[in-house]
Amino acid sequence: LDISAELIRGGLPVFCSNPRSVDDVLATIVMVGGLLGLDKSARDIVQDMRDEIRQVREFSSVWPDRPRVYFEEWHEPLIAGIRWVSEIVEIAGGRDIFSELRDKPSAKDRVVDPAEVIRRDPQIVLASWCGKPVDIASIEARPGWERVSAVTSGRIHEVDGADILSPGPSLLVGLRQIHEIIQQGLGA
């Protein structure tokens, strides 16, 4: 059911956006602000976001090591993070082990094989299961995952979907949290 088309057929004005990257999210905030007559406020929010993103990127850019990070957006099947999540992991100082999937807009195109996660051996696992609580014990218990560095070091973390899977200003909360997790991982 294409709700946008239905609303348009009903004669209602429709704004539809489909951000995929951090830049898309920022542009969408400006567009929505403009539609609401809050152009200056939206631009101010975006400038603050850009400033914080730049600060975090500069801070982590001097780290000698960038740990391997696997972000799991869903668990049945395993789905790697959408593009903006992959970008945020890298801004925060990590290396997304499935960065080649970031250009795949559809979740079904970001399905990953559990054996490939093992092979790529993430040092940190971040999970946000689209509103469902993450079961860390079930991740640790996956067959063969006892060999994964993130499992052996206890570096599996849940990130609230509202802070990482919702394309808006709250992404900064997710960025800060991921940056802190990666920083703690480096200190280990």
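Student: Is Glu87 buried or exposed in this model, and how do I read that?

Tutor: Good place to begin! The idea is to compare the relative accessible area with a cut-off: under 20% counts as buried. Glu87 has a relative accessible area of 15%, so Glu87 is buried. Keep in mind that this is a predicted model.

Student: Where does Glu87 sit, and which residues is Glu87 in contact with beyond its sequence neighbours?

Tutor: Glu87 belongs to helix H4. Once neighbours within four places in sequence are set aside, the contacts of Glu87 are Ser21, Val22 and Arg102.

Student: What follows H4?

Tutor: Gly93 does, and its phi is positive, near 110°.

Student: Which residues of H9 are buried?

Tutor: They are Leu171, Leu172, Gly174, Leu175, Ile178, His179, Ile181 and Ile182.

Student: Let's zoom out. How many helices and strands does the chain have, and what pattern do they follow?

Tutor: There are 9 helices and 5 strands. Along the sequence they read α-α-α-β-β-α-β-α-β-α-α-β-α-α. As for overall size, the radius of gyration is 18 Å, close to the 16 Å that the globule rule gives for 188 residues, so the chain is as compact as a globular protein of that length.

Student: What box do the C-alpha atoms fill?

Tutor: Along the principal axes, the box is roughly 55 × 40 × 25 Å.

Student: And what do burial and contacts look like over the whole chain?

Tutor: Buried residues make up 43% of the 188. Among contacts with a separation of 6 or more, 69% join residues 24 or more positions apart.

Student: Finally, what about the surface and the charges?

Tutor: The accessible surface is about 9900 Å², and carbon and sulfur atoms account for 54% of that. The chain carries 22 positive and 30 negative side chains, with the centres of the two sets 4 Å apart.

Terms used. Residues numbered from 1 in each chain as written. Predicted model: local features only at pLDDT ≥ 70, side-chain atom pairs only at ≥ 80, totals over all residues. Heavy atoms only, no water. Helix = DSSP H or I, 4+ residues; strand = E, 2+ residues; numbered from the N terminus. Rg over C-alpha atoms; globule rule 2.2 N^0.38 Å. Buried < 20%, exposed > 50% of the residue type's maximum accessible area, 1.4 Å probe, protein only. Contact = heavy atoms within 4.5 Å. Areas by Shrake-Rupley, 256 points an atom, 1.4 Å probe, with all protein chains shown as cover. Lys, Arg positive; Asp, Glu negative; His and termini not counted. Charge placed at Lys NZ, Arg CZ, Asp CG, Glu CD.
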